[in-house]
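Thanks for making the time. I have one model to go through, and I will take it piece by piece.

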Amino acid sequence: MSQQHDDPTTGRDDDPTIGRIVADITRDLNLIVQHQVDLAKREVITSAKVGGIGAAMFAVAGFLGLLVIILLSIAFAHLLSMTGLHLAWCYLIVAGAYVLLGVVLVLVGVRLIKKVKKPEQSIEAAKKIPAALKGQTSSAGAHRAGSAPASS
């Protein structure tokens, strides 16, 4: 028998036990996850600030663009008034042009929206998830499109 285990200075307190190893692993994993979450928070906050500033700049640019459209509309109405039309009729012509443009955009938008289809492949893949989690596979869905079927 060895005397090392009987010696109180080198007793079993220094020997790693399964419980201590599991506790150390759990503590280390928790620490790693906590550090990763903190890092992700810092990155998201930094990205959100930059994205917010960029979005604000787009909003200001959009507002300035709207002002330009209004001013150009007024200028165009005054340009039309040089033809001898009364200024009120010129404003109505400009407004009518905008109404016509709006109608065309609505019709094109409706046509594009009618072309939207549901995501068939994603729906089929989602339907297979519960069976895959249970360990079941269907012979028809076992291989992806474009790949050779697996031989049994």
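**A walk through the helices**

Let me start at Phe-63, which sits in helix H1. This is a predicted model, so keep that in mind as I go.

Helix H1 covers residues 18-81. With 64 residues, H1 runs 92 Å from its first C-alpha to its last, close to the 94 Å expected at 1.5 Å a residue.

Back to Phe-63. Phe-63 belongs to a nonpolar surface patch of about 820 Å², together with Val-60, Leu-64, Leu-66, Leu-67, Ile-70, Leu-71, Ile-74 and Tyr-91. Which helix gives this patch its largest share? Helix H1 does, with 8 residues. On spacing, an α-helix has 3.6 residues a turn, so residues three or four places apart point the same way. With that in mind, look at Phe-63, Leu-67, Ile-70 and Ile-74, which are among the patch residues.

Which residues of H1 are buried? They are Ser-73, Ala-77 and Leu-80. Part of what covers them is helix H2.

Now the chain as a whole. There are 3 helices and 0 strands, and the order along the sequence is α-α-α. Of the 152 residues, 4% are buried.

The last of my helices is H3, residues 120-133. H3 has 14 residues and spans 21 Å between its first and last C-alpha, where 20 Å is expected at 1.5 Å a residue, so the two values are close. After H3 comes Gly-135, with a positive phi near 90°.

Finally, confidence. The average pLDDT over the chain is 84, and 80% of the residues score at least 70. One is residues 1-11, where the pLDDT is below 50 and the model has 4 contacts beyond near neighbours in sequence. The other is residues 140-147, also with pLDDT below 50, and here there are 3 such contacts.

To recap: 3 helices and 0 strands, a nonpolar patch to which H1 gives the largest share, and 4% of the residues buried.

Terms used: Residues numbered from 1 in each chain as written. Predicted model: local features only at pLDDT ≥ 70, side-chain atom pairs only at ≥ 80, totals over all residues. Heavy atoms only, no water. Helix = DSSP H or I, 4+ residues; strand = E, 2+ residues; numbered from the N terminus. pLDDT = per-residue confidence, 0-100. Contact = heavy atoms within 4.5 Å. Buried < 20%, exposed > 50% of the residue type's maximum accessible area, 1.4 Å probe, protein only. Patch = residues over 30% accessible without salt bridge, like charges linked within 9 Å, V, L, I, M, F, W, Y side chains within 5 Å. Areas by Shrake-Rupley, 256 points an atom, 1.4 Å probe, with all protein chains shown as cover. Salt bridge = Lys/Arg side-chain N within 4 Å of Asp/Glu carboxyl O.
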